[in-house]
Amino acid sequence: MFKKRAKHLLEAISADAILISSPENQQYFSGFTGGEAVLVLQKDKLTLFTDSRYFVQVKEEAPDYTLLDITKTKPTAYLQDFSPETIAFEEDFVSAKAAKLMADALPDSRWLGIDSEIMTQRSIKDETELACIRQAATLADDAFHHILPLLRPGTCERDIALELEWFMRKQGATGASFPIICASGYRSAMPHGVASDKLLENGDFVTLDFGCFYKGYASDMTRTVVLGKADAEQKKIYETVLSAQMAALDCLHAGITGKEADSVARNIIIKTGYGDAFGHSLGHGVGLQIHEQPNLSPRSETVLRPGAVVSVEPGIYIEGFGGVRIEDLVIITENGHENMTHSEKKLLEL
Ligand SMILES: [Mn+2]
């Protein structure tokens, strides 16, 4: 599998060697999860450079790679023997200083940024990856079910976030996939309102946006509930977001662009008069990172392909009043999508 991924990338670009420095891409191309290494991909040779802290781990996780001690041989010194004409590297990840050192060590080589090719390859998930993301999504669903009885007036947002993370980790997640958002009452108008010391109050919208990492892969979901009885405006906002979300899900299939999907949800929100209150894009790709390709945004010309994993998360946010977001995580298929998020979506009045 890892050999196949490396081969695919080598074939997609014309470079004699590819250097992989970021932790996510090291995991993607080799299986190594230690994070501190450099991979060198060459046509018939896969080499992993790291130090003795990781030697045992590399043998376990990345058996397709030849292990070299980075304290004895630097990747650039190793490459000098091959006089590579073109070397590809992650220019979005490598610091300017490190890039200069690399270029100085191999002054005759042409250096090529490779980030977008890698992100395009990573945007289509294979079955092994999908199994991890499904499990990460299931753990998040289970955590939402677990947290519902704890959403009570007087509970602190941070305690809710902590309990969600604790629950997911107890069930096998390695951590939350980003700082958990628990935004209640007026704070729910902040799309990225990370949990604060605020106590939940009766009448509050409570937006929970969270997910976890399972075997390196992220999940992402959002639900918004009301504490007590929802008032008429809360109901109207919630129903608008829900119908936008359902319409966007219905339109998803391989072949449409990110832009088209975004506009389906956005037009519903605009028609209801809340257009200005939906400032962010409809969704984003999810995988080894919480935000990756493809994007479902008004600017995204990317055509969705089968095997892409995206979030679908319209929202309405009104300063001083509150906000609603509903988010599912789905796999794009030839004729539609597979929804990995199964938590209740009708308005819960707790
Ligand atoms: Mn998201």
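## The manganese site

Along the chain, the residues that donate to the manganese ion are spaced as D-x63-H-x28-E-x13-E. They are D220 (OD), H284 (NE2), E313 (OE) and E327 (OE), sitting 2.1 to 2.4 Å from the metal. Donors here are N, O and S atoms within 2.8 Å of the metal (3.2 Å for Na, K and Ca), and with water not among the atoms, sites may look incomplete.

D220 is in the loop between β11 (217-218) and β12 (221-226), while E327, 107 residues away, is in the loop between β17 (322-325) and β18 (328-332). D220 counts as buried because its relative accessibility is 4%, and E327 does so at 0%. (Buried is under 20% relative accessible area, with a 1.4 Å probe and protein chains only.)

## What you're looking at

This is a predicted model: local features need pLDDT of at least 70 and side-chain atom pairs 80 or more, while totals for chains, interfaces and linings use all residues. Numbering starts from 1 along each chain as its sequence is written, and side-chain values use heavy atoms, leaving out hydrogens and water.

## Two domains

Six residues of domain 1 touch nine of domain 2, with contact meaning heavy atoms within 4.5 Å.

Together the domains bury about 620 Å², 57% of it on carbon and sulfur atoms; that is accessible area (1.4 Å probe) lost on putting the two parts together, summed over both. On the domain 1 side, E24, Q27 and M119 lose the most area, together 66% of what that side buries.

Notes: Helices (H or I, at least four residues) and strands (E, at least two) are DSSP runs, numbered from the N terminus. Buried means under 20% relative accessible area, exposed over 50%, partly exposed in between (1.4 Å probe, protein chains only).
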